[in-house]
Amino acid sequence: MLIHGVAPRDLMLSSILHIPKNKLASVSSSENYQGIALSSILGKIMDHVLLYKYCDKLCTSEQQFGFKHQSSSTNMCTLVLKETLSYHVNNRSNVFCSFLDVSKAFDKVHYCKLFRILIEHRVPPGVIRILMNLYKGHAVRVMWNGVYSGFFTGLNGVKQGGVISPVLFCLYIDNLLIQLAQSAVGCHIGNTFVGALAYADDIVMVAPTPSAL
């Protein structure tokens with residue numbers, strides 16, 4: 001697969017299982033369900049191989065704390081946020097926060113843009129061809145109450161539940177975080193920009209004034 005950049009058909013098939021987000025909310029509302037893609041275990045192994053071999057090509061900026069090769073966690077992101085707030089309060093400065101949670105973020109990834117980003121990160125062409133095959137030829141079916149729909153083609157989005165999916169999503173939005181850092185608008189600790197912190201699709205923006213925010 002790595003040599004020829006071709007993925008077999010069996011790795012392109014997924015079944016979407018819907019899991020309730022809130023068991024106390026209405027089970028008849030489609031907004032209360034999260035779709036998880038169940039796919040071949042060999043596909044998950046392939047994802048692990050790609051992450052292991054090309055982790056240096058799939059790096060994100062310091063503003064992104066999610067799904068990095070090195071040790072990173074939500075706790076680290078929370079710690080940086082708390083230290084930023086404490087730093088500004090102790091220096092008698094105002095500080096304002098805006099928390100963003102992108103709705104159905106993984107489902108809205110456009111493939112053309114994603115593959116251009118992978119090219120910019122110098123991911124080997126064979127690997128990009130594999131991912132193009134896996135995503136452009138991705139056939140999914142919906143499983144509901146033990147009944148399966150027919151297969152249909154997924155036109156956009158990375159698979160919820162896929163091993164490499166959150167890493168690809170972090171790369172997808174990383175340029176936005178880099179542009180925010182380059183704008184220098186927002187909070188800093190010394191020369192370090194801490195005005196936009198992200199863990200995958202959960203983002204917090206921090207600024208010393210409402211207009212900056």
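This is a predicted model: local features need pLDDT of at least 70, side-chain atom pairs count only at pLDDT 80 or more; totals for chains, interfaces and linings use all residues.

Colleague: What makes Thr84 buried?

Modeller: Thr84 has a relative accessible area of 0%. Buried means under 20%, so Thr84 qualifies. The residue is found in helix 2, and it touches Cys187, Ile189, Val194 and Val206, not counting residues up to four places away in sequence.

Colleague: And why is Asp201 called buried?

Modeller: Asp201 comes out at 17% relative accessibility, and the cut-off is under 20%, so Asp201 counts as buried too.

Colleague: Where is Asp201 placed, and what is it in contact with?

Modeller: Asp201 belongs to the loop between strand 9 (196–199) and strand 10 (202–207). Leaving aside neighbours within four places in sequence, its contacts are Leu100, Asp101, Val102, Ala105 and Phe169. Contact here means heavy atoms within 4.5 Å.

Colleague: How do you know that strand 3 and strand 10 pair?

Modeller: Pairing needs at least two bridges between the strands. Strand 3 and strand 10 have 6 bridges, in the antiparallel sense, so they count as paired. One of the bridges joins Phe96 to Ala207 in strand 10.

Colleague: What makes strand 3 and strand 9 edge strands?

Modeller: The sheet is open, with 3 strands in the order 3-10-9 and antiparallel pairing. Strand 3 (96–101) and strand 9 each have a single partner strand, so one side of each lacks a neighbour in the sheet. Direction ignored, neighbouring strands are turned by 15° against each other on average.

Colleague: Which helix packs on that sheet?

Modeller: Helix 2 (residues 74–90) does, touching strand 3, strand 9 and strand 10. The direction of helix 2 makes about 160° with that of strand 9.

Colleague: On to the inside. How many residues are in the largest nonpolar core, and which have the most contacts inside it?

Modeller: The largest core has 36 residues, and Leu118 and Tyr135 have the most contacts inside it. Helix 1 (41–53), helix 3 (111–120), helix 4 (125–136), helix 5 (165–183) and strand 9 each supply at least two of its residues. Helix 5 gives the most, with 7 residues. As for Leu118, its contacts beyond four places in sequence are Leu58, Val123, Ile128, Leu131, Leu168 and Leu171. Apart from this core lies another, of 8 residues, among them Phe65, Cys187, Val194 and Val206.

Colleague: Why would nonpolar residues gather like that?

Modeller: In soluble globular proteins, nonpolar side chains tend to be buried together.

Colleague: What makes a space a cavity rather than a pocket?

Modeller: In a cavity the probe fits but cannot get out, whereas a pocket is an open set of points. The count of cavities of 30 Å³ or more is 2. The largest cavity holds about 120 Å³ of space, so it is over that 30 Å³ cut-off. Its lining has 14 residues, with Gly43, Lys44, Asp47, Leu134 and Lys159 nearest the centre. Helix 1 gives the most to this lining, with 4 residues.

Colleague: And what is the volume of the largest pocket?

Modeller: About 680 Å³. The pocket is lined by 29 residues, and Ile16, Gln34, Gly35, Asp107 and Gln160 lie nearest its centre. Strand 1 (13–20), strand 2 (33–39) and strand 4 (139–144) are the elements that give two or more residues to the lining. Strand 2 gives the most, with 4 residues.

Key
Residues are numbered from 1 along each chain as its sequence is written. Side-chain values use heavy atoms; hydrogens and water are left out. Buried means under 20% relative accessible area, exposed over 50%, partly exposed in between (1.4 Å probe, protein chains only). Axes are lines fitted to C-alpha atoms, for helices over the stretch in contact, and angles run from 0 to 180 degrees between N-to-C directions. A nonpolar core is a set of buried Ala, Val, Leu, Ile, Met, Phe, Trp, Tyr and Cys residues joined through side-chain atoms within 4.5 Å. On a 1 Å grid over the protein atoms alone, a cavity is a set of points where a 1.4 Å probe fits but cannot get out, and a pocket is an open set with protein on both sides within 12 Å along at least five of seven lines; lining residues have an atom within 4 Å of a point. Grid points are joined across faces, edges and corners, and a volume is the space filled by probe spheres set on the points.
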